[in-house]
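Here is a short note to read alongside the model. Please keep the structure open and check each point as you go.

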Amino acid sequence: MTDKDYAAVRTEKAGPPIRVETPGAMNDAELHNDAEIVFDVVGLSVYYRDFQAVRDIDIPVRQKEITALIGPSGCGKSTILRCFNRMNDLIEEARVEGSVRFHGIDIYQEGVDPVELRRRVGMVFQKPNPFPKSIYDNVAFGPRVGGFRVNMDDLVEESLTRAALWEEVKDKLSESALALSGGQQQRLCIARAIATSPDVVLMDEPCSALDPIATLRIEELMQELKEDYTILIVTHNMQQAARVSDRTAFLTVDVNAVGQRTGYLVEFDTTDRIFTSPARPETEAYITGRFG
Amino acid sequence: MTLRATGGTRRRLYVQAAFKSLFGLMAFLTVGVTVLIVLSLLVPALRFFSEVSLSEFFGSASWAPLFSPPRFGVWPIVAGTAWITAIALLVALPLGLGVAVYLSEYAHRRLRSFVKPFLEILAGIPTVVLGFFGLFLVNPEIVRRFWPVGEVSTFSGLAAGLVVGIMIVPTVASLSEDAMNAVPRGLREGGFALGGTRREVATNVVFPAALSGIVAATVLAGSRAIGETTIVLIVAGSRPTLTWNPGEQMQSMASFIGFAGIGDQPTGSTGYLTIFAVGLVLFVITFLLNIISIRIVRRFREVYE
Amino acid sequence: MTAVGTEGAAVALDIHARTSTRRKVIDAFFKLFLWISLGIALGTLITILIDLITEGWPRLNPALITNMPSARPERAGIQSAIFGSLWVVGTTAAISIPTGVGAAIYLEEFAKRDRWYNRLIELNIQNLASVPSVVYGILGLAFIARGFLSLGFTVLTAALILTLVVLPTVVIASREALRAVPNSLRYGSLALGATEWETVYRQVLPAAVPGIATGTILSTSRALGESAPLLLVGALTFVTFNPDGFDSPYTVLPLAIFRFISEARIEFRPLAAAASVVLLFLLMGMNSLAIYVRSRYEKKLR
């Protein structure tokens with residue numbers, strides 16, 4: 001990155017991020033490097049027609065950890081995230097190269113059913129997107145289409161409880177989900193995603209549309225969810241990454257001669273190290289706010 | 001120094017005021033049109049009902065206002081209208097919604113831009129040409145050949161209904177597709193991310209979210225079917241029949257008006273006034289349907305905001 | 001109670017084609033249904049076009065257009081109908097376009113949205129757009145042909161009635177074209193000291209002209225294909241001359257087709273088909289013109 005690029009990008013306030021000690025976030029000593037790798041990404045590149053949006057990404061996502069993807073806007077974090085559940089399939093011009101292995105299986109190979117994959121890998125979006133249905137029907141949607149033979153009432157209750165929403169909505173399950181506040185809607189989306197018993201939950205900037213109090217509740221929720229699910233979160237708020245995640249991948253963007261922006265991975269390490277003693281100068285520049 | 005309007009500016013402002021009034025008048029004219037429609041229907045209709053009792057109009061089942069002795073029971077043409085509209089919707093709803101779902105949820109961009117002009121061409125076919133199609137192709141080749149009940153003559157309500165259905169397919173398809181396109185992308189993505197197939201997302205997420213627009217499209221299409229004159233006149237014949245068999249000839253309210261209009265009725269005669277009475281009924285029905293359709297869209301539009 | 005949590009290594013990690021066959025079968029049937037709908041809709045259109053061309057082929061020659069209607073099928077043509085349509089539709093356009101565009105300008109540029117009378121006008125136009133066209137024929141019969149204006153069964157009567165039929169569409173289309181003009185244009189002009197009218201006249205209208213042109217061409221083409229309202233005002237009469245003035249009796253092409261269809265003799269059937277082909281040809285020509293205008297406009301924006 002040249003100085004010109006630094007200047008061109010929005011800068012945050014200078015100074016190292018303050019690390020808030022949240023219960024549950026592992027520090028360096030506790031992280032097990034031999035924890036099973038749930039998602040192994042090697043050499044991932046994404047193209048929109050001829051334009052390379054993201055190049056050569058290597059990220060191992062370990063089980064029951066929170067892994068964060070951070071970096072300036074436009075560096076392809078969401079694009080990468082959407083590769084994990086093959087949501088990029090829905091875009092006609094998108095093309096994926098490299099390998100994404102889920103429990104050892106390359107999810108882009110022939111014979112892999114994206115529908116089943118999405119049952120196992122849940123996703124929460126930036127803007128809460130509950131269906132215009134009742135709260136109950138929102139949570140029950142995934143299990144219903146997936147043909148789950150369960151007591152739906154129990155499943156809905158358990159999902160809402162795990163998403164820390166049950167107490168607030170237990171008396172109004174048949175009311176419209178759209179009547180909930182933004183933070184509640186997002187927790188509903190989380191409940192809905194975990195109702196299909198996924199292994200992994202992908203979160204694409206889940207708090208960016210929420211106020212700080214709702215954001216805090218969801219960050220607390222993530223620590224609870226970590227006990228049962230692997231979480232991969234994209235966030236443009238690096239303080240948030242520092243607060244909640246166990247490992248962090250820092251990505252940035254390369255601008256080529258024509259002005260096209262291609263994202264690439266700069267550094268991937270435990271959150272502790274990334275934020276206190278990063279290996280790459282670009283990482284240090286980003287976290288100290290020299291460029292945003 | 002003063003900032004008040006000087007001579008030159010004042011002139012320009014007069015010009016503006018003149019144009020404003022002129023255009024305002026034109027806009028207001030449209031209200032005048034509605035008033036005229038209501039008057040043109042109401043006054044003769046009232047005269048009609050001073051000559052023909054309400055009990056005969058709504059009580060008798062025989063409609064022959066232009067014959068002697070004249071009969072004024074309105075039910076046969078109401079039944080004709082109902083039959084033709086029902087058949088038309090039965091045809092147009094599955095076809096139109098199928099096309100809409102396909103274009104909105106399944107088709108690639110290139111296919112969409114290929115298909116949509118065809119739909120517009122279909123929408124632009126004049127009703128008299130559709131009447132030709134109904135009388136010379138649909139009735140003899142389809143209805144007469146396959147309709148099991150009774151003996152089908154040159155004309156049939158069934159053929160008319162089928163062709164009116166074809167006429168309103170583009171209306172249903174394009175309005176429903178608009179409604180589905182208006183459903184935010186985020187909702188679809190949520191559905192896919194939860195492990196839904198394309199069909200499940202289309203039927204369980206998009207369709208319910210677009211329902212108000214789709215219902216409004218249906219109501220509008222039904223209203224067009226009710227008011228369709230030429231096709232029915234050509235294909236269903238001109239014999240008002242109160243029947244359970246759509247394979248028979250029939251007459252709708254609109255086609256009666258067309259029929260009576262062709263035969264030159266002496267101004268002021270009861271036969272002449274019948275046109276206005278039936279026209280009033282027709283206008284009220286389509287007016288109410290239109291208000292309902294607007295209400296539905298307005299009431300549920302904010303649903304996913 | 002099933003465990004809501006990670007299944008991990010405990011359950012089969014098989015993500016190969018596990019979506020139940022039942023779902024897949026339903027998916028396939030659904031897609032088939034959609035394909036069939038599309039097929040029927042397009043197939044019907046193609047059938048209509050092919051039928052018209054094959055049935056009308058024997059009579060698709062210049063004589064069709066140069067001949068006048070006649071009781072003898074071999075000598076019948078549609079010249080009076082074509083000229084009648086030109087007169088009627090031309091007059092309709094001449095009346096409806098200025099009026100409709102004027103009303104649209106008022107509603108979009110001058111009217112204050114919160115005034116009740118302006119909202120009434122808007123609602124009213126929406127309602128008028130969905131009134132069956134035959135009702136306008138009744139209005140014409142009562143007030144224009146007979147009654148107040150007593151113009152009789154003439155070209156002007158037909159044009160006035162068709163104006164009423166297409167006016168709501170002209171207004172709605174013109175409003176959309178005006179709305180599409182970015183506000184920055186208006187603000188720039190007003191900031192330079194122009195009056196609202198001058199802004200409209202010099203900036204907004206020129207920018208909106210292509211959109212308005214597209215909309216008005218399409219509305220006018222609708223007038224060309226209308227049949228129902230004119231049934232009530234004498235367009236079905238047997239007319240063997242071209243109109244010679246606004247007060248002249250007339251016939252129009254859709255109603256010439258109607259006549260041919262209504263004839264008992266089977267020799268008139270190819271005439272009906274051929275005349276339909278001519279009508280469709282004219283309509284397609286107008287629509288192509290509208291599309292051409294629209295695409296040139298879009299190209300200008302790039």
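1. Is E168(A) buried, partly exposed or exposed? E168(A) counts as partly exposed, because its relative accessibility is 29% and that class runs between 20% and 50%. Please bear in mind throughout that this is a predicted model.

2. Now look at the partner of E168(A). The side chain of R217(A) meets that of E168(A) in a salt bridge, at 3.1 Å from N to O. The two residues sit in distant parts of the chain, 49 residues apart. R217(A) belongs to helix α8 (residues 212–225) of chain A, and E168(A) to helix α6 (residues 166–169) of chain A. R217(A) is also partly exposed, with a relative accessible area of 38%.

3. R273(A) is partly exposed, at a relative accessible area of 34%. Over all chains, the structure holds 36 salt bridges.

4. Turn to chain C. A salt bridge connects the side chains of E109(C) and R186(C), at 2.9 Å from N to O. E109(C) lies in helix α3 (residues 79–110) of chain C and R186(C) in helix α7 (residues 183–191) of chain C, so the pair ties together parts 77 residues apart in sequence. Both E109(C) and R186(C) are buried. Side chains of opposite charge can pair when their charged atoms come close.

5. Stay in chain C for N118(C), a residue of helix α4 (residues 116–129) of chain C. N118(C) counts as buried because its relative accessibility is 3%, and buried means under 20%. A polar atom of the N118(C) side chain lies 2.9 Å from the backbone oxygen of K112(C). Leaving out residues up to four places away in sequence, N118(C) touches Y106(C), L107(C), A111(C) and K112(C).

6. Next, the contact of chain C with chain B. Chain C brings 74 residues to it, and chain B brings 76. The buried area between the two chains is about 6800 Å², and carbon and sulfur atoms give 77% of that area. R146(C), W197(C) and I261(C) supply 9% of the area that chain C buries against chain B, more than any other three residues.

7. What crosses this interface? The rule finds three salt bridges between chain C and chain B. One pairing to check is E200(B) with R23(C), whose closest N and O atoms are 2.7 Å apart. There are also 16 residue pairs in polar contact across the interface of chain C and chain B, both residues at pLDDT 80 or more. On the side of chain C that touches chain B, helix α1 (residues 21–56) of chain C gives the most, with 20 residues. By class, that side of chain C has 51 nonpolar, 14 polar and nine charged residues.

8. Finish with the sheet in chain A. How many strands does this open sheet have? There are ten, with mixed pairing, in the order β5-β4-β1-β2-β10-β9-β3-β8-β7-β6 (chain A). The edge strands are β5 (105–106) and β6 (121–124) of chain A, and each pairs on one side only. β6(A) pairs in the parallel sense with strand β7 (residues 200–204) of chain A, over four bridges.

Conventions: Residues numbered from 1 in each chain as written. Chains lettered and ligands numbered in written order. Predicted model: local features only at pLDDT ≥ 70, side-chain atom pairs only at ≥ 80, totals over all residues. Heavy atoms only, no water. Salt bridge = Lys/Arg side-chain N within 4 Å of Asp/Glu carboxyl O. Buried < 20%, exposed > 50% of the residue type's maximum accessible area, 1.4 Å probe, protein only. Contact = heavy atoms within 4.5 Å. Buried area = accessible area lost by both parts, 1.4 Å probe. Polar contact = N/O pair within 3.5 Å; in protein donor to acceptor, adjacent residues only side chain to side chain. Nonpolar A, V, L, I, M, F, W, Y, C, P; charged D, E, K, R; others polar. Pairing = 2+ DSSP bridges.
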